Amino acid sequence: MSAPGFYASRLIRPGAVLAPMAGYSDAPMRQLAAEQGALWTVSEMISARGLMGGGDTEKLNLGRPYPGEQERVVQLFGAESDVLAGAVARAETWFQPAAIDLNMGCPVPKIRGKGGACLLQTPEVAYELVSAMRQATRLDVSAKIRLGWDHDRSVEVAQGLEAAGAALITVHGRTSAQRYTGQADWDAIARVAASVRVPVVGSGDILTPAQARERQRTGVAAVMIGRGAVGNPWIFRALASGQDELPDAYTRARTALRHAELQTRFYDDDTGRLTLRPLRKVLPQYLPDYPQLRDALVQVVTVEDVRRVLQPLLEGDPDGAGEVATLPDPLNRYTLSHS
């Protein structure tokens with residue numbers, strides 16, 4: 001009897017999955033989610049064609065693991081079998097992923113015709129892509145879909161993907177036409193879960209552990225969490241262990257600072273001028289109960305800036321956070337440190 005694949009082995013335990021999110025689910029965020037018990041994490045989507053070009057540093061960062069990172073799935077997008085097969089082989093060699101996922105859910109117009117949710121208009125092409133990917137690797141290959149392009153075809157598409165060899169299917173409960181409006185249709189996700197033999201992971205509008213547990217009862221093998229994990233990696237701990245209590249302000253401030261430290265270390269930039277910019281939208285979400293810190297946190301340039309803003313909380317004085325540190329002008333700081 002052969003050993004279970006990656007997905008089957010991870011789904012034995014309770015927990016949730018970190019969603020792929022462009023601009024969010026990079027290596028530092030994946031590291032924090034994994035430490036708190038995420039079943040697995042998924043990279044930001046990587047262009048198969050860009051990966052085969054091999055010269056795009058950003059693409060390399062999208063797939064590059066944190067030192068020692070495990071339980072990480074690399075997500076690819078593309079629309080050509082030979083290119084995706086080659087990208088699977090390259091991703092396996094370069095990034096040592098635990099599994100490979102095909103993006104069939106991204107509704108962003110700029111990738112139209114290049115993969116993503118467009119594949120829901122021609123699902124037979126998607127089946128060929130999954131089959132080609134399966135032949136290029138021994139790793140589990142999965143697919144993340146939406147309900148359809150502009151109407152629900154999710155059961156039909158899921159059954160076709162299963163027949164093509166997908167080891168797992170993730171379903172976001174909206175059509176591509178809906179983008180992120182309205183509410184995710186979990187009844188439709190439940191129908192998909194009941195229609196295939198492979199595990200189905202449900203995605204859409206999960207912001208709390210209670211919502212995750214309610215959605216788990218629809219028959220999915222696990223739930224995937226995106227926005228609900230931004231600034232809150234402890235949501236994975238809650239679903240893995242039942243510890244729902246949000247950490248105190250000191251712990252959340254310390255984790256926000258550590259996120260900034262991981263970010264700077266991973267991108268190897270001791271100025272933080274570029275690497276901390278993406279974190280400006282994340283750091284305030286660690287401390288939503290301290291709105292007075294937001295204006296300073298969205299202006300940080302360096303790890304020391306983050307430390308200065310959070311200093312009262314790091315010293316265990318939640319009341320002291322009412323007096324927010326004033327940061328020097330970012331341009332002056334950069335000029336002084338590089339003059």
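In this tour, Ala, Val, Leu, Ile, Met, Phe, Trp, Tyr, Cys and Pro count as nonpolar, Asp, Glu, Lys and Arg as charged, and the others, Gly among them, as polar. The model is predicted, so local features need pLDDT of at least 70 and side-chain atom pairs count only at pLDDT 80 or more, while totals for chains, interfaces and linings use all residues. Residues are numbered from 1 along each chain as its sequence is written, and side-chain values use heavy atoms, with hydrogens and water left out.

**Second largest cavity**

Select Tyr7, Trp40, Val42, Val73, Asp101, Ser142, Leu168, Thr170 and Met224, which line the second largest cavity. A cavity is a set of points, on a 1 Å grid over the protein atoms alone, where a 1.4 Å probe fits but cannot get out; lining residues have an atom within 4 Å of a point. The second largest cavity holds about 50 Å³ of space, and its lining comprises six nonpolar residues, two polar and one charged.

**Largest cavity**

Next, select Leu18, Met29, Leu32, Ala33, Ala229, Val230, Gly231, Pro233, Phe236, His259, Val282 and Tyr286, the lining of the largest cavity. Its volume is about 60 Å³, and the lining has 10 nonpolar residues, two polar and no charged. Helix α2 (residues 27–35) supplies the largest share, three residues.

**From α2 to α11**

Arginine 258 belongs to helix α11 and glutamate 35 to helix α2, so the pair ties together parts 223 residues apart in sequence. A salt bridge is a side-chain nitrogen of Lys or Arg within 4 Å of a carboxyl oxygen of Asp or Glu, and the count by this rule is 14.

**Helices α11 and α14**

Finally, select α11 (residues 249–267) and α14 (residues 303–314), which pack at about 170 degrees with axes 9 Å apart. This makes the two helices roughly antiparallel, a term for angles over 145 degrees. Their contact (heavy atoms within 4.5 Å) includes Tyr250 and Leu257 of α11 and Val306 and Leu310 of α14. Its residues divide into 11 nonpolar, one polar and three charged.

Notes:
Axes are lines fitted to C-alpha atoms, for helices over the stretch in contact, and angles run from 0 to 180 degrees between N-to-C directions. Helices (H or I, at least four residues) and strands (E, at least two) are DSSP runs, numbered from the N terminus. Angles under 35 degrees count as roughly parallel, over 145 as roughly antiparallel, 65 to 115 as roughly perpendicular and the rest as oblique. On a 1 Å grid over the protein atoms alone, a cavity is a set of points where a 1.4 Å probe fits but cannot get out, and a pocket is an open set with protein on both sides within 12 Å along at least five of seven lines; lining residues have an atom within 4 Å of a point. Grid points are joined across faces, edges and corners, and a volume is the space filled by probe spheres set on the points.
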